[in-house]
Amino acid sequence: MAEIALQQVEKVYPSGFHAVKSLSLSAGEGEFLVLLGPSGCGKSTTLRMIAGLEEATGGTISIGGRVVNDVHPKDRDIAMVFQNYALYPHMSVRENMAFALKLRKTPKPEIERRVNAAADMLGLRELLDRKPAALSGGQRQRVAVGRAIVREPKAFLFDEPLSNLDAKLRTTTRAEIKALHQRLKTTTVYVTHDQEEAMTLADRVAIMSGGVLHQHAPPMELYRTPVNRFVAGFLGTPPMNFLDGKLEGSGSGLAFGESASGGQRVALPMDWASRVSNAAGRDVVLGIRPQALDIAVHAPGDRPRIRGTVALVEPLGDQMDITLSIPSGRRLVARINAVTVKVGDALEMAIDMTKSHLFEPGEFGKNLTA
C-alpha cells in the first residue's frame with residue numbers, strides 16, 4: 001500500500017488545451033478514491049499522469065512518498081486496468097495473468113502461486129486454459145483485474161473498467177471490485193462518469209469539471225452537502241430540481257420566490273437565516289432533491305408546499321417518479337412511494353427542506369446553505 005499525492009498538478013497540451021488545472025489531491029494508504037465527472041473533465045488525464053502514460057506539465061506526483069514525475073511507468077509499482085481489457089488474444093487466461101511476471105523474470109513457482117491465488121479470488125480457476133475469445137465480457141474484465149492483482153503493486157488504477165459491460169454485469173462486477181478492495185486493502189484510484197459506481201465503491205469521491213476539482217469527500221457528505229450547484233446536480237438520481245428566483249424577506253421570515261410569471265413562494269427554514277440572510281433581495285436558485293418532494297397529504301403538515309399538475313408518471317415498483325408541471329411553466333421531478341396517480345392530476349407537494357439547498361446563480365453557483 002502507498003499514498004498517492006498530487007500537488008498543484010497541471011496538464012496543458014501543445015494545442016493550448018488546459019486539461020487539468022492546479023490539482024491537489026491525495027489517496028491515502030488503502031483508500032479507494034474515485035475520480036468522477038462528465039466526459040472531458042480531466043479525470044482520465046489525471047489517472048494517466050499518475051500512471052506515467054501522460055507527462056504532467058507542472059506540479060508533483062508522489063507514490064509512497066517518492067516523487068515519480070520522471071519515473072518510467074514500469075518503475076512506479078502500480079497496476080492499471082483499462083476499459084478495453086487489453087488482453088492478448090493468442091494467450092490463455094493463465095498466460096495473460098502471468099505475462100508481466102515473466103517479463104520481470106519472477107521464479108516460476110512464485111508465478112504459479114500468484115496466478116492461482118488471483119484466479120481463486122476472482123472465480124477464474126476453471127477458465128485458466130481458455131483464450132479471451134471464449135470468455136464473456138465480465139470474465140474478460142476479471143482476467144484484466146487478475147493480471148493487475150498478481151503484480152502485487154503499491155496501487156491499482158482503474159480507467160472506466162465497467163463501461164463496456166451490460167447493466168447486470170456492471171452491477172455484479174462492481175460488487176466484485178468492492179469486495180476485492182476490502183480484502184486486499186490496496187490503494188486504488190478509480191475513474192468513472194457513473195455516479196452510481198462512484199457512490200457505491202468509493203471511500204472518497206473527487207468531482208471534477210473542466211479540469212478543476214470542485215469537491216472531494218465521502219460519498220454521502222457530497223450528496224448531503226454539495227459545495228456548489230454543479231456537484232449537487234451531478235450527484236443523485238433523478239437529478240436535483242433547480243428553480244430560479246429571489247431571496248425575499250429578512251430574518252426568520254425569509255422565503256424563496258420564483259422569478260417566472262405565476263411563480264410560487266416557498267418559506268425557508270429558520271435555521272437557514274444566519275447562512276443566507278446576506279443574499280436577501282438577490283437572485284438565487286432553489287435546489288430540491290426529487291426525494292424531498294412528497295404528496296402533501298402523506299407528509300408532515302409543517303413542510304412548505306408547492307402546487308403542480310402531473311405531466312408524466314414512471315412506475316418503478318415500490319416507488320415511482322412523477323413529473324409535475326408547476327404554474328411558472330417549469331417542471332419538477334418527485335420520487336415517491338407508489339400511489340395511484342395519473343397524468344392531469346392536480347397535486348400539492350410538500351418539500352423536505354433538509355434535502356434542499358439554496359445556491360448562487362450560475363452553473364457553479366456556491367451553496368449558500370452548506
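User: I'm looking at helix 4 and helix 5 in this model. Are they roughly parallel or roughly antiparallel to each other?

Analyst: Helix 4 and helix 5 are roughly parallel to each other. Keep in mind that this is a predicted model.

User: How do I read a pair like that?

Analyst: Two packed helices are described by the angle between their axes and the distance between the axes. Here, helix 4 (residues 137–149) and helix 5 (residues 167–184) pack at an angle of about 20 degrees, and their axes are 11 Å apart.

User: Which residues make the contact?

Analyst: On helix 4, look for Gly138, Gln141, Arg142, Val145 and Ile149. Helix 5 brings Leu169, Thr173, Glu176, Leu180 and Leu184.

User: Okay, on to the rings. How many aromatic pairs does the structure hold?

Analyst: There are 8 aromatic pairs. Take Phe156 and Phe158: their ring centres are 6.3 Å apart and their planes sit at 65 degrees, so this pair is edge-to-face. The cut-off you need is that planes over 60 degrees apart count as edge-to-face.

User: Are Phe156 and Phe158 buried or exposed?

Analyst: Phe156 is buried, with a relative accessible area of 6%, and Phe158 is buried too, at 3%. Ring pairs also link both of them with Phe32 and Tyr190 into a cluster.

Note on methods: Residues numbered from 1 in each chain as written. Predicted model: local features only at pLDDT ≥ 70, side-chain atom pairs only at ≥ 80, totals over all residues. Heavy atoms only, no water. Phe/Tyr/Trp six-rings, centres within 6.5 Å; stacked < 30°, edge-to-face > 60°. Buried < 20%, exposed > 50% of the residue type's maximum accessible area, 1.4 Å probe, protein only. Axes fitted to C-alpha atoms, helices over the stretch in contact; angles between N-to-C directions. Helix = DSSP H or I, 4+ residues; strand = E, 2+ residues; numbered from the N terminus. Parallel < 35°, antiparallel > 145°, perpendicular 65-115°, else oblique. Contact = heavy atoms within 4.5 Å.
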